[in-house]
Amino acid sequence: ISIALLGELAAAINRGAESPFSESELKKNLIFSAYFFDAYLQSKLNSAYDAYVLLLGAASYYLCDLPGSSSVLTQKLQDGGINLDAGGLENLLLFLLRGDWQIDENSRYGERIAALIGGVRQFFQNGTGEEKLLVFAVNLRREVYESGTPRQLLFADVAIAVLQSKIERSTWKTLPAYSGLTLDTWRSILQKDSFIKELWPAQHLLGKKGVLQGASAVVQMPTSAGKTKSTELILRSAFLANRISLAVIIAPFRALCNEISGSLTAAFDGEAITVNELSDVLQIDYDNNDFMAKKTIMVATPEKMLYILRHEPLLAKQIGLLIFDEGHLFDDETRGATYELLLTELLSLTSKDTQKVLISAVLNNAETIGEWL
């Protein structure tokens, strides 16, 4: 039943508008399959089926919009390829789910599948060849339907469905649409090896809610949902649109400031954007003139930011984007008051046009806090 549900959803995605089934309804059913495959693996009932169940489970999670769970399962599969009697289609599916976009130089997949993998790699590296890639994929699926085994048919349907989903979720297609900026504006960023190649569900939601076009928001984002990359996307969209020259990130702990600063320094390496992590020493340790001359990300604790605002209140008018990390600490018994005081002061000092984003993994009253803000 679980395999049938997976095959049914994959076929529905491949049929597109011609499908008699609703993808949303099929996904609700398929989530049962994903959990079943995962539970079957945990039970260790039959290790002979591990690779088969791992791959189908990973595909089920991915098509149910749970890419993190999918990645956990695919990492358990061996790097040297697998043989599930699917004519190489099982390795095509594994390649797509892993998303490392590397072509096997030994061409163990066969000429047709190796060519398809080459097209996938080209699209995700350069954003070109989408139409040709999809035509190639549809033709491969048609060939399998004409002469393939039932297992090959299953893997062809699932692999092509995953491919179509990955293209639609790719940053090449989503970021220009969500940010309102042209593809050429994003191109140099999208071509960086270190930049993400597709958006996760939480990041899609940011785009759909207008956060990448400057809308303020309270964001409840669970751990491992892509918070660091989401922060980077918000920053990049604001800088690329030239809405801001100064972004400020407030994080409650020195260690977290250091972590955020390190991640952003690596992400913006080689670009004309400065990441400035302020120390906890109660002194002015930045050059105010820099903010007028170049794009800057300032990372500071609430205490340090309060100190700066008392001595340089005009700095607040230069802030175009304000991000509060770990926003649930407003309710902290020891430091919550300081955090809330800072937020209140910044709201009064910054421009009404300043984009404000509060992020937390554990906010239970996000809507109430949003209304208060």
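Colleague: Let's start just after α11. Which residue takes a positive phi there?
Modeller: Gly210 does, at about 85°. Keep in mind that this is a predicted model.

Colleague: Okay, back into the helix. Which residues of α11 are buried?
Modeller: α11 covers residues 201–208. Its buried residues are Gln203, His204, Leu206 and Gly207.

Colleague: Why do they end up on the same side of α11?
Modeller: Because they cover an arc of only 155° around the axis.

Colleague: And what covers them?
Modeller: The cover includes three helices: α8 (150–169), α9 (171–179) and α12 (227–240). Strand β1 (217–220) is part of it too.

Colleague: New topic, the sheet. What is the strand order?
Modeller: The order is β1-β6-β5-β2-β4-β3. That makes an open sheet of six strands, with parallel pairing.

Colleague: Which strands stand at the edges?
Modeller: β1 and β3 (273–277). Each has a single partner strand, so one side of each has no neighbour in the sheet.

Colleague: How about the twist? What does it average?
Modeller: 15° from one strand to the next.

Colleague: Zoom in on β2 and β4. How many bridges join them?
Modeller: Five. β2 is residues 246–250, β4 is residues 295–300, and they run parallel.

Colleague: Which residue in β4 is the bridge partner of Ala247?
Modeller: Ile297.

Colleague: Last one. Where does α13 lie?
Modeller: Helix α13 (residues 254–267) lies across β2, β3 and β4. It runs at about 165° to β3.

Note on methods: Residues numbered from 1 in each chain as written. Predicted model: local features only at pLDDT ≥ 70, side-chain atom pairs only at ≥ 80, totals over all residues. Heavy atoms only, no water. Buried < 20%, exposed > 50% of the residue type's maximum accessible area, 1.4 Å probe, protein only. Helix = DSSP H or I, 4+ residues; strand = E, 2+ residues; numbered from the N terminus. Arc of directions from axis to C-beta. Contact = heavy atoms within 4.5 Å. Pairing = 2+ DSSP bridges. Axes fitted to C-alpha atoms, helices over the stretch in contact; angles between N-to-C directions.
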